[in-house]
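Please keep the sequence and the model in view while reading.

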Amino acid sequence: MFHPYVREATFLVEEGASVAAVDKSLYDFGMAMGPLATLDLAGLDVGWRIRKEYRHLEKPGIRQPFAGDRLCEIGRFGQKTVAGWYKYDSNRVATHDPQVASWLKQWATESGIEQREIQPGEIVDRCIYALVNEGARILQDGYALRAGDIDIIYINGYGFPAYRGGPMWYADSVGLKNVYERVSEFHRSHGELWEPAPLLKQLATEGKTFADFDKQKAS
């Protein structure tokens, strides 16, 4: 689930959102850290090495985020190299790096990506609903037994705000019909990676929730 979350964060900065705006939007939502700051903490090179190893499994013609890889190619691995999405001082305090903004604009132009102003609401929806949609796939495929299990993992392990109940509970609170419609909108705008999970579509169509799914599993 974490991969679609940071994938969308990277897509957003490639499309014109600033690094700081993406992180602030998710932090204001309640996340313990913004997604790009989290990647800097973990080390950008970790995901970069994984992506290089599994590049042959990517479907041809499907857009993939590239900006994080470009940063790694010039030796910016995050906090451990004092530069990643942000610059860091000797105490690992982050500051905005205008050079990254310049590179993002250049790379987007070279890749034919039109940059635009992106509002905080879209930033939150794309990152959080990417989590929810992938969570629905995980439930459908049986990798997680209950939506509540996913919520507990994300609250305790990934800094998801406890007062929002976890990503799946949060989706229930928003209304799965609303979530499904937004995911479908992103599917139309951004392509195959946003195909709605069948379970999300089913529950939304039936007027049910992930909590209902859990109750059915328990019966």
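Predicted model: local features only at pLDDT ≥ 70, side-chain atom pairs only at ≥ 80, totals over all residues.

Residues are numbered from 1 along each chain as its sequence is written, and side-chain values use heavy atoms, with hydrogens and water left out.

**Largest pocket**

- The volume of the largest pocket is about 610 Å³. A pocket is an open set of points on a 1 Å grid over the protein atoms alone, where a 1.4 Å probe fits, with protein on both sides within 12 Å along at least five of seven lines; its volume is the space filled by probe spheres set on the points.
- Its lining comprises 21 residues, and H3, R7, E58, Q64 and L193 are the closest to the centre; a lining residue has an atom within 4 Å of a point.
- Helices α1 (2-14), α4 (44-53) and α7 (120-141) each contribute at least two lining residues, and the largest share, four residues, comes from α7. Helices are DSSP runs (H or I, at least four residues), numbered from the N terminus.
- By class, this lining holds nine nonpolar, three polar and nine charged residues. Ala, Val, Leu, Ile, Met, Phe, Trp, Tyr, Cys and Pro count as nonpolar, Asp, Glu, Lys and Arg as charged, and the others, Gly among them, as polar.

**Second largest pocket**

- The second largest pocket has a volume of about 330 Å³ and 20 lining residues, with V6, L39, L44, G47 and R51 nearest its centre.
- At least two lining residues come from each of α1, α3 (35-42), α4 and α5 (67-73), and α1 supplies the largest share, five residues.
- Eleven nonpolar, six polar and three charged residues make up this lining.

**Nonpolar core**

- The largest nonpolar core contains 62 residues, and W85, I128, L139 and F210 have the most contacts inside it. Such a core is a set of buried Ala, Val, Leu, Ile, Met, Phe, Trp, Tyr and Cys residues joined through side-chain atoms within 4.5 Å.
- Helix α7 gives the most to this core, with eleven residues.
- Beyond residues up to four places away in sequence, F210 touches residues including V132, A136, L139 and D172; contact means heavy atoms within 4.5 Å.

- E122 lies in helix α7 and counts as buried because its relative accessibility is 15%, where buried means under 20% relative accessible area (1.4 Å probe, protein chains only).
- Leaving out residues up to four places away in sequence, E122 touches L12, R116, R182, F186 and H190.

Technical notes. Buried < 20%, exposed > 50% of the residue type's maximum accessible area, 1.4 Å probe, protein only.
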